Amino acid sequence: MPLNILILGGSSEASVLAARLKDDARFAATMSLAGRTATPTASPLPRRLGGFGGAEGLAAYLEAEQVEALVVAVHPFAAQMRRNAAQAVHLRPTPLLIVDRPAWTPVAGDRWALVSDMSAAATALGAAPRRVLLTVGRQDLAPFAAADHHAYLVRSIDPPEASPADAELILARGPFSEADERRLMVERGVEVLVTKNAGGGATEAKLVVARALGLEVVMVERPPLPDLTGLDAQIVTGAEAALTWLAHQASSAAERGV
Ligand code: NAP
């Protein structure tokens with residue numbers, strides 16, 4: 001019997017996993033997406049959309065679907081979903097894997113202001129008006145509306161429900177090239193970039209260009225990982241390590257004759 005896996009997706013690592021698992025007879029995987037974007041990236045796996053109704057709802061789903069391994073490959077800032085997954089496997093014991101991604105780290109020439117959340121990011125922009133490129137996603141813009149003395153260029157995949165007054169909106173989905181990021185920042189006279197420390201290659205070009213242009217970057221640091229003490233749970237970095245963990249789960253299940 002193939003190992004019944006639930007993947008909580010939304011990251012590039014989840015897309016890699018989906019592509020690798022779709023024709024692998026050892027696994028029967030379902031991809032779950034929050035449904036945040038109007039046109040989610042296509043998945044070759046069976047897909048479900050939307051929340052489960054907290055940790056209890058996820059635990060109930062794991063039981064109802066007889067899930068044998070839970071892979072949490074959400075965005076590094078989807079901290080609630082990661083916490084819910086840890087709580088859910090407390091309630092309904094299931095091997096759990098969290099797929100993480102290395103954070104970006106500053107190199108020579110970077111001018112980063114590290115902040116812990118979006119309110120601190122808005123404060124870090126300072127009292128003097130500046131031209132700001134905001135690339136924090138469409139859900140986290142409220143604190144910037146309160147700092148409306150700045151001129152904002154907001155980039156997100158879908159239109160935000162609320163954004164700072166007079167913000168200019170750019171709707172785009174990465175990956176972005178260095179040439180495109182340079183053109184954007186130079187042509188629009190960007191003075192400071194605000195970003196989450198998402199890590200990964202798809203959206204890193206903006207940091208390379210900010211460094212080359214000597215621009216300040218307000219970098220929002222990651223939320224903490226959930227406490228996995230006492231759980232059959234592991235954290236790995238990247239899709240390859242996740243595939244190794246899954247192969248181990250499948251062979252253990254086969255040995256147990258499941
Ligand atoms: P979140 O705050 O961790 O999750 C909020 C709720 O969304 C969860 O409690 C869950 O609802 C639902 N949810 C999240 N991921 C899900 C999944 N894969 N399948 C089913 N339900 C899911 O995550 P978020 O609201 O998606 O995003 C938080 C931050 O991450 C934002 O800064 C966002 O920009 C960034 N981000 C997220 C994604 C993503 O795909 N999740 C992608 C890019 C960026 P229930 O409690 O009802 O189960």
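Trainee: With the side chain of which residue does the side chain of Asp 24 make a polar contact?

Mentor: Please keep in mind that this is a predicted model. Asp 24 is found in the loop between α1 and β2, and its relative accessible area is 19%. A polar contact requires N or O atoms within 3.5 Å. At 2.7 Å, the partner of the Asp 24 side chain is the side chain of Arg 26.

Trainee: Is Asp 24 buried or exposed?

Mentor: The term buried applies under 20% relative accessible area. Because the value for Asp 24 is 19%, the residue counts as buried.

Trainee: Which helix gives the most residues to the shell around the ligand?

Mentor: The ligand is surrounded by 24 residues, and among the closest are Ser 32, Arg 36 and Phe 52. Both β2 (27-33) and α3 (79-91) supply at least two residues of this shell. With 4 residues, the helix that gives the most is α3.

Trainee: Which side chain has an N or O atom 2.4 Å from an oxygen atom of the ligand?

Mentor: Several N or O atoms of the protein may be considered. A backbone N or O atom of Gly 9 lies 3.2 Å from a nitrogen atom of the ligand. The side chain of Asn 84 places an N or O atom 3.1 Å from a ligand oxygen. The distance of 2.4 Å to a ligand oxygen belongs to the side chain of Lys 196.

Trainee: Which residue of β5 does Val 71 stand opposite?

Mentor: Strands β4 (residues 69-72) and β5 run parallel and are joined by 3 bridges. In β5 (residues 96-100), 5 of the 5 residues are buried. Leu 97 and Val 99 point one way, whereas Leu 96, Ile 98 and Asp 100 point the other way. The residue opposite Val 71 is Leu 97.

Trainee: Which residue follows α7 with a positive phi?

Mentor: Helix α7 (residues 205-213) has buried residues, among them Leu 207 and Val 209. Their cover includes β6, β7 and α6. After α7, with phi near 75°, comes Gly 214.

Trainee: Is Asp 166 buried or exposed?

Mentor: Asp 166 is in the loop between β8 and β9, and its phi is near 65°, a positive value in a residue other than glycine. Because its relative accessibility is 77%, Asp 166 counts as exposed.

Key: Residues are numbered from 1 along each chain as its sequence is written. This is a predicted model: local features need pLDDT of at least 70, side-chain atom pairs count only at pLDDT 80 or more; totals for chains, interfaces and linings use all residues. Side-chain values use heavy atoms; hydrogens and water are left out. A residue is near a molecule or strand if one of its heavy atoms lies within 4 Å of it. A polar contact is a pair of N or O atoms within 3.5 Å; within protein, one must be able to donate a hydrogen and the other to accept it, and residues adjacent in sequence count only if both atoms are side-chain atoms. Buried means under 20% relative accessible area, exposed over 50%, partly exposed in between (1.4 Å probe, protein chains only). Two strands pair if DSSP finds at least two bridges between them. Contact means heavy atoms within 4.5 Å.
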